[in-house]
Amino acid sequence: MYAYDEIDRTLVNERVSEFRDQVKRRLSGELTEDEFKILRLQNGVYLQLHAYMFRVAIPYGTLATNQLRALAHVARKYDRGYGHFTTRQNIQFNWIKLAELPDALEDLAKVGIHAMQTSGNNMRNVTSDQWAGVAPGEIEDPRIWSELIRQHTTLHPEFSFLPRKFKIAITASDHDRAAIKVHDIGLRLIKNEKGETGFEVLVGGGLGRTPFIAKTIRHFVHGGDILSYIEAILRVYNQYGRRDNIYKARIKILVHELGIEKFSREVEEEWQHIRNSSLQIDDEVIEDIRSRFTYPAYEKLPYMPDELRQAAADPDFEAWRKNSVAPHKVQGYSIVTISLKPTGGPPGDATAEQMDALADLADRYSFGEIRVGHEQNLALPHVAKRDLPALWKALDKLGLATPNVNLITDIIACPGLDYCSLANARSIPIAQELTRRFANHELANLIGRLHINISGCINACGHHHVGHIGILGVEKNGEEVYQITIGGRADENAALGTLIGPGVKFDEVADVVEDIVEAYLALRERPEELFMDTVKRLGVEPFKERVYATR
Amino acid sequence: MTSPLEQKKIKIAGPSIVTANRTWDGIVVYRTAARSWSADLSEAAIVRNSDEAKALLAESVADDVGAIGPYIAPVQVGADGKIEPGNLREQIRRTGVTIGQSAQA
């Protein structure tokens with residue numbers, strides 16, 4: 001956990017007071033909506049179909065139990081009893097009243113939570129690997145650097161009115177769980193040949209209507225230089241990024257149009273001006289941030305405790321353990337992913353009761369810490385293996401032990417037309433139907449790792465471009481139509497999916513996915529060949545033939 | 001179903017209304033013939049051509065304190081005068097989410 005200092009607390013509290021005054025002036029008519037809109041957006045307040053939507057930041061996906069309880073409190077007191085975890089380590093409340101928002105913000109501020117820069121054309125929540133600090137083989141905890149960047153970019157006057165929103169993600173593991181290649185800036189923490197910590201810097205990734213995989217702009221930037229290098233990128237973007245066309249305003253378009261070489265030269269030139277400035281970060285600064293992260297006092301525990309050995313005889317426990325439990329860097333401990341993808345449920349939703357109960361479990365079993373991942377699941381990062389059977393039973397009672405992590409029903413989906421004012425088609429009901437079609441866990445395990453991502457419009461909040469199977473809802477002649485892609489992925493080998501053919505109707509989508517899965521099961525050379533490997537080996541044609549042969 | 005945020009110009013293909021979200025709490029409201037807002041679609045003022053639509057929209061936009069984001073939306077008017085939403089988007093705005101969970105207070 002990270003402990004905020006007095007500056008952070010003052011900033012957050014002052015922001016609440018400021019927004020309270022802005023809301024008061026808006027409701028009195030002193031501020032018009034045009035004047036107020038940019039102010040509310042800078043505090044995470046959107047207008048959606050049914051109500052205002054309130055997006056709250058969970059920096060680098062780390063929550064303390066008192067913070068999770070505060071989110072439950074907001075869900076219960078100011079909303080309709082649930083929240084929706086997003087693909088960028090935020091939580092959204094869908095039914096909030098503008099008049100009550102300052103009170104909700106004030107309640108969150110008491111535990112150091114805020115909504116600053118969760119919308120608007122500024123630097124958004126800096127995200128990271130939800131297994132940061134506990135993943136085996138990690139270079140070092142990437143949250144230290146996420147926090148550094150968060151501090152530097154929060155309310156940064158030069159970058160509060162960028163051409164468009166700007167997102168940074170950081171990973172420190174070989175396996176990228178932070179989807180850095182589809183971010184405006186992706187940072188991969190590495191060590192150089194001297195053993196110094198630094199970053200491979202990628203730029204220009206993004207999805208939306210014009211998707212791009214990020215390109216490496218520099219293979220190594222020393223950790224002490226990372227702020228100046230990011231600032232150089234932002235300055236080039238701020239200067240040359242298009243403000244005349246919202247659809248061409250993201251940095252990915254600038255990088256694409258200039259070309260990575262020219263863009264890189266512009267950044268290098270700018271960097272030389274600011275590199276040896278106050279932006280250079282001393283080791284002391286990093287160590288100060290590092291010291292504010294507290295790590296559990298782990299016990300010395302056996303690799304295979306008796307409790308785990310005995311529980312292995314229960315097939316239901318084993319089914320959950322195999323998919324939900326990952327190795328921890330400390331012997332005797334595990335990382336437990338909490339699936340927010342129950343059969344028939346909206347992906348990423350959690351009720352206030354679940355949040356409160358999970359906070360209790362985190363206090364009992366995970367040193368009071370919860371993580372939020374971009375796959376719209378939660379995680380308990382420090383669970384002793386001996387506690388896994390008891391934790392599983394408790395999670396099961398809460399409806400939080402669906403054994404489907406990384407399987408076909410572990411679906412990423414945007415809110416879609418059920419909530420979103422931008423959407424053209426529904427996403428959640430498609431996900432719900434798919435979780436029912438593939439509810440048989442034996443079948444899901446037989447299929448193996450397969451990610452389905454669903455977006456309800458071209459803005460791609462459900463990251464459909466990088467789903468192993470991607471589903472994009474569009475509108476055609478007043479009807480919902482869904483385009484299907486396959487072969488996308490969001491990890492270290494990130495790739496964009498390929499469209500397999502004409503769009504299909506709402507009630508055909510689950511059938512099409514079944515066809516694709518059946519084709520895969522028939523085509524794979526051996527059970528260990530994952531869906532993505534089969535697609536890579538054979539291309540999309542066999543799947544296309546299977547889907548459209550009878551349509 | 002195209003998002004009204006992408007509406008470029010006002011085209012009326014049939015009976016239409018002006019809808020928005022109430023400022024203080026965000027709920028869906030409809031512009032009435034009495035120059036106010038109602039959460040009840042049956043009280044919405046119906047317009048049937050572009051000029052009427054423009055006038056109703058202009059009046060709605062002017063009421064900036066009452067509601068935000070007004071736009072023109074299609075409706076169907078039955079023989080009995082009953083007003084129904086003209087597309088899925090407006091149907092969802094009227095009756096709530098279609099996901100069968102936590103949809104309504």
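Is A:Lys167 buried or exposed, going by its C-beta neighbours inside 10 Å? A:Lys167 counts as buried because 20 C-beta neighbours fall inside 10 Å; the label buried takes 20 or more other C-beta atoms within 10 Å of the residue's own, exposed takes 12 or fewer, and partly exposed is in between, with C-beta atoms placed from the backbone. This is a predicted model, in which local features need pLDDT of at least 70 and side-chain atom pairs count only at pLDDT 80 or more, while totals for chains, interfaces and linings use all residues. Residues are numbered from 1 along each chain as its sequence is written, and chains are lettered from A and ligands numbered from 1 in the order in which they are written.

A:Lys167 sits in the loop between α5 (143-153) and β7 (168-171) of chain A; helices (H or I, at least four residues) and strands (E, at least two) are DSSP runs, numbered from the N terminus. Leaving out residues up to four places away in sequence, A:Lys167 touches A:Arg88, A:Arg124, A:His183 and A:Asp184 (contact puts C-beta atoms, placed from the backbone, within 7 Å). A:Arg124 is 43 residues from A:Lys167 in sequence, yet 5.4 Å away in space, C-alpha to C-alpha.

Now for a sheet. Chain A has an open sheet of 5 strands, ordered β3-β14-β15-β12-β11 with antiparallel pairing (strands pair if DSSP finds at least two bridges between them). β3 (62-64) and β11 (325-327) of chain A are at the edges with a single partner strand each, so one side of each has no neighbour in the sheet. β11(A) is joined to the antiparallel β12 (residues 333-338) of chain A by 3 bridges, and A:Val325 stands opposite A:Val336 in β12(A).

Terms used
Two residues are in contact if their C-beta atoms, placed from the backbone, lie within 7 Å.
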